[in-house]
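Hi there,

Here is the structure I promised to pass on. Have a look at it first, and then read my notes below.

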Amino acid sequence: GMAVLIGAFRMAYVDALSGLPNRRALDERLSRATGRIAVAMVDVDHFKRFNDRNGHEAGDRALRVVARRIRRVRGGSAFRYGGEEFAVLFE
């Protein structure tokens with residue numbers, strides 16, 4: 001039914017850790033974009049070292065904090081690109 005369809009969509013287009021749309025969702029938006037766009041790539045520096053020193057739970061919390069912050073960027077749409085990489089699309 002509809003719940004299964006919504007679940008499948010979320011799995012395909014939403015990053016489970018951050019709650020942000022994922023790279024596939026970004027690719028889809030870019031393919032439909034008309035006019036001028038800008039994409040800001042955001043990479044968390046020294047993330048692997050932080051993760052190794054503090055553990056994966058702390059690393060996951062840090063990524064969720066980054067996701068919350070970039071979600072608030074005015075005029076942009078935030079995406080989790082993968083790993084410790086994020087993107088903000090301005091259309």
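Which residues make a nonpolar surface patch of about 310 Å²? The patch is made by Leu30, Ile37, Val39 and Met41. Patch members have over 30% relative accessible area and no salt bridge, with like charges joined within 9 Å and nonpolar side chains (Val, Leu, Ile, Met, Phe, Trp, Tyr) within 5 Å. A salt bridge here is a side-chain nitrogen of Lys or Arg within 4 Å of a carboxyl oxygen of Asp or Glu. Areas come from the Shrake-Rupley method with a 1.4 Å probe, and for residues only the protein chains shown count as cover.

Before you go further: this is a predicted model, where local features need pLDDT of at least 70, side-chain atom pairs count only at pLDDT 80 or more, and totals for chains, interfaces and linings use all residues. Residues are numbered from 1 along each chain as its sequence is written, and side-chain values use heavy atoms, leaving out hydrogens and water.

Leu30 lies in helix H2 (residues 23–32); helices are DSSP runs of H or I with at least four residues, strands are runs of E with at least two, and both are numbered from the N terminus. With a relative accessible area of 31%, Leu30 is partly exposed, that is, between buried (under 20%) and exposed (over 50%).

Asn51, in helix H3 (residues 47–54), counts as buried because its relative accessibility is 13%.

Now the strands, which pair if DSSP finds at least two bridges between them. S3 (residues 85–90) runs antiparallel to S1 (residues 38–43), joined by six bridges, and Asp43 stands opposite Glu85. Five bridges join S3 to S2 (residues 77–82), also antiparallel.

Enjoy exploring!

Definitions and conventions
Buried means under 20% relative accessible area, exposed over 50%, partly exposed in between (1.4 Å probe, protein chains only).
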